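Visitor: I'd like to go through this one label by label, and hear what stands behind each.
Guide: Happy to, here it is.

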Amino acid sequence: MIKPVARINVVPALPESLRRLQELAYNMRWAWDHDTIALFRRLDRDLWEATGRNPVWMLGLVSQERLNAVCEDPAFMAHLHTVCDSFDAYMSDSHTWYNTHYGQEEPPTIAYFSMEFGITECLQNYSGGLGVLSGDHLKSASDLGLPLVGVGLLYQEGYFHQYLNADGYQQESYPINDYSNLPVTLQRNKDGTPITISVPMPGRELYAYIWKVQVGRIPLFLLDSNTPMNTREEDRNLTDRLYGGDRRTRIRQEILMGIGGIRALESLGLRPSICHMNEGHSAFLGLERTYQIMQEHKLAFDQAREIAASSHIFTTHTPVPAGLERFGFDLMDEHFTNYYKMLGLTREQFLDLGRENMGDYQLFSMPVLALNLSAGANGVAKLHGVVSRHLWHWMYPNVPENEIPVDSITNGIHTQTWISREMGTLLDRYLDPAWRTEDSRADIWEAMEQVPDSELWRTHERRRERLVAFTRRRLRTQLENRGAPQHEVESADEVLNPDVLTIGFARRFATYKRATLLFRDLERLKKIVSNADRPVQIIFAGKAHPHDTGGKELIKQIVNIARTEDFRHAIVFLENYDMSIARMLVQGVDVWLNTPQRPKEASGTSGMKVIYNGGLNCSILDGWWAEGYNPEYGWAIGNGEEYPEQEWERQNYIESEALYNILEKDIIPLFYERGRDSLPREWIGRMKKSMQVLAPYFNTHRMVAEYTEKFYMPSFHRVKEITENNLTEGVAFATWRNQLEKVWSHIKIKHVEVSRGQVKVGSEVEVNAQIDLGQLTPDDVRVQIYYEPVDTRGEIGRNGMAVDMTPVNGNGSVYTFNARVQYDTSGERGLSVRVLPYNKYLHTSFLPSLITWA
């Protein structure tokens, strides 16, 4: 390899009248604005597709002749001016949702950290659902006007490209991303040199550049370790691949993102008021922010930790213990020995921050660290909130499971990114125009009733036709690249039928997602897909992790079944699943199929994307569908049963049979039941009902607004109070909080007196509790009656209710608390009294090991 003596950045030579094309190309708003996409496609349709819909790269390749020609084209220039006017109005709009609700306040700086971001397919910085959700989060934050920045890593090779060998087995390739042809900008000092940050590594510093991706109004900062300042190749290669390498690579990536991400924001003059950890990968940021406060205010770790944690939010996406990010203590010793000494901690104190018992050994858990360093935590669907509270119950001994302080905010999707242009145009004609900016308003979607059945169906049919044409082209290319026989390549033009019921299944190929559930009875499936009067076709897509041999075997099985004579016209597997394929699928399928093992799907957002395009869902009652399902507009496989591991084979049989029955008895007859006008009226009615009910809720505008109202702004208000006057309130709170740990064990509930043992429905029971608070006062605690029907073991049920008790008198450290409970239903009821900590700056009264029961 020959190293250059100099580097020269060659930029497109755009005529003056086209200069703004470059500005449009470098702001990712184009990814969700159909008019801007149409403008770039109009400039050169072939180049647009050849560059993977990358306007930055395209502008560097388009001929000067073509550029000169469009300058003289009045229609193109009018289109350009229209797009620029829309862009300027968007960027300067001060009447955003955020300004309407919080514009009178001093704005916070909200930093959103994620390991991956899926903005659009030309920026391969994502692997799947987590990244796409992160990208949609930024897009909605931009639309809503939030003062938010994104932080992550920039991967030289991104996530792998998938191709299949002749046997149908997944192979991986890693094309290099050329940053000079991507919508990323290197951040520089005033003298033109790159801004560089560093983080500690064993025996050295790791250096990184900062790149910016502009996502509408939101800047996304990505760290890149490929800098000559890193003399070791392993350091320069650290940010090569998303989820690549071994455990040592992973912990170093997460040190760079968490600690380095905070340092990057500092170097850019941005000090976050709130940090949102999207998954536990970035949890080391909590340590760095604690260290900042320690240094600047001369505080001990325990004090600084309480102040820093007040501004941290942690979102978990993992419903099963095996999916959690954990590191061995050897790796922690290797990378943090000096760092924890800087924090003033011993090794054991440091490891306690993330310690998780795994049976006969222990590991350092990133989610445990995130929970210990955060003021708020949430799962990503209502069911996932329940699952998460069960998963983390061990951290909160003696706290009822339903009160574990892990909330839930259900995921959503960015509507304008995922809705087809055709469907959007149709909705423009019949819905309030505000559907594009206020898609969480239910009253807007009620107007779906006004959309003529014929127009809705024709719009959807056009998208199905486009999907079939797209699939044929992709399949032909796949076969050519694989070296398939010519007759097999030519047969790609005959697969699928644009008029046939089309089912889509596309997602990460993990074994728990059970992509092959549909193939358990091939004879029955053969009859379903080959029915001459009511045929069915299925399109699959998805990647397995490079190390997941089980997932790869599922892909191989599907591909080989799809090659057989019985299925080759009706079943297709599309290689290299990305946002482009996802968009075509969700915009064109009739039914979206999802078959995970409940409750292993945290949320799942792919099924949400079909809602806005008129598709219907058929799914296991898991993730978002557990709260979204209604038989008026979708289908449930099973009734939400959960099976122990030893019964999984039985579960697969039962649920595959249920799926076949739904297809044969419900979905297929309904789709092909046509009136004299050839319209499936009842099916169309379900399409409308699905959009009316689900569209206002399962979008990221609602989701981001909920994060803002539930976490961002309450945390910001709390942080403002505790950091005013040189942290006077914060230091007092931290001192109180640390003292609490020392004296809590002195609390004793000496006596509980219940006025009556039997009452009539509607009557009240008075309860008095005599409690020795030791060194605490009634202002430091919440004393509550906890009551609920007792179960068969004589214990209060898991969904008990609490009523605060009031102090009525005291003698020394012993106080009497009083409250009344009214019973509105009959039956045997249990009752107890508990003491919890209270302070106006506490985010929750449920803290690990700080609860006392009678």
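**What stands behind the labels**

Guide: Let's begin inside this predicted model: the largest cavity holds about 50 Å³ of space.

Visitor: How many cavities of 30 Å³ or more does a search of the whole structure find?
Guide: One. Its lining includes Arg507, Trp592, Asn594, Glu601, Trp624 and Trp625. Strand S19 (591-594), helix H25 (606-611) and strand S20 (616-620) are the elements that give two or more residues to that lining.

Visitor: What makes Glu601 a lining residue of the largest cavity?
Guide: The rule asks for an atom within 4 Å of a cavity point, and Glu601 is on the list of residues that line the cavity.

Visitor: Why is Asn177 called buried?
Guide: Buried means under 20% relative accessible area. Asn177 comes out at 14%, so it counts as buried. Asn177 is in the loop between strand S4 (170-173) and strand S5 (185-186).

Visitor: Which residues is Asn177 in contact with, leaving aside neighbours within four places in sequence?
Guide: Gln124, Tyr155, Gln156, Glu157, Gly158 and Leu182. As for Glu157, its C-alpha is 5.7 Å from that of Asn177, though the two are 20 residues apart along the chain.

Visitor: And Asn652, why is that one buried?
Guide: Its relative accessible area is 15%, and the cut-off is under 20%, so Asn652 is buried. Asn652 is in helix H27 (residues 648-672) and touches Arg514, Leu517 and Arg520, not counting residues up to four places away in sequence.

Visitor: Why is Lys298 called exposed?
Guide: Exposed starts over 50%. Lys298 has 71%, so it is exposed. Lys298 is in the loop between helix H11 (285-297) and helix H12 (301-309), and its phi is near 55°, a positive value in a residue other than glycine.

Visitor: What makes H24 a mostly covered helix?
Guide: Ten of its ten residues are buried, among them Arg583 and Gln587. At the start of H24, a side-chain oxygen of Asp578 reaches to within 3.1 Å of the backbone nitrogen of Ser580.

Visitor: How do you know that the count of disulfides is zero?
Guide: A disulfide needs two cysteine sulfurs within 2.5 Å, and by that rule the count comes to zero. Take Cys84: the closest cysteine sulfur, in Cys71, is 13 Å away, so that's too far for a bond. Cys84 is also buried, at 5% relative accessible area.

Visitor: Which residues touch the most other members of the largest nonpolar core?
Guide: Of its 107 residues, those are Phe284, Leu287, Phe336, Phe350 and Ile771. Helix H10 (residues 247-267) gives the most to this core, with eight residues. Leu287 touches residues including Phe336, Tyr339, Phe350 and Leu373. A second, separate core of 101 residues includes Ala434, Val468, Trp592 and Ile668. Trp592 also turned up in the lining of the largest cavity.

Note on methods: Residues are numbered from 1 along each chain as its sequence is written. This is a predicted model: local features need pLDDT of at least 70, side-chain atom pairs count only at pLDDT 80 or more; totals for chains, interfaces and linings use all residues. Side-chain values use heavy atoms; hydrogens and water are left out. Buried means under 20% relative accessible area, exposed over 50%, partly exposed in between (1.4 Å probe, protein chains only). Helices (H or I, at least four residues) and strands (E, at least two) are DSSP runs, numbered from the N terminus. A polar contact is a pair of N or O atoms within 3.5 Å; within protein, one must be able to donate a hydrogen and the other to accept it, and residues adjacent in sequence count only if both atoms are side-chain atoms. A nonpolar core is a set of buried Ala, Val, Leu, Ile, Met, Phe, Trp, Tyr and Cys residues joined through side-chain atoms within 4.5 Å. Contact means heavy atoms within 4.5 Å. On a 1 Å grid over the protein atoms alone, a cavity is a set of points where a 1.4 Å probe fits but cannot get out, and a pocket is an open set with protein on both sides within 12 Å along at least five of seven lines; lining residues have an atom within 4 Å of a point. Grid points are joined across faces, edges and corners, and a volume is the space filled by probe spheres set on the points.
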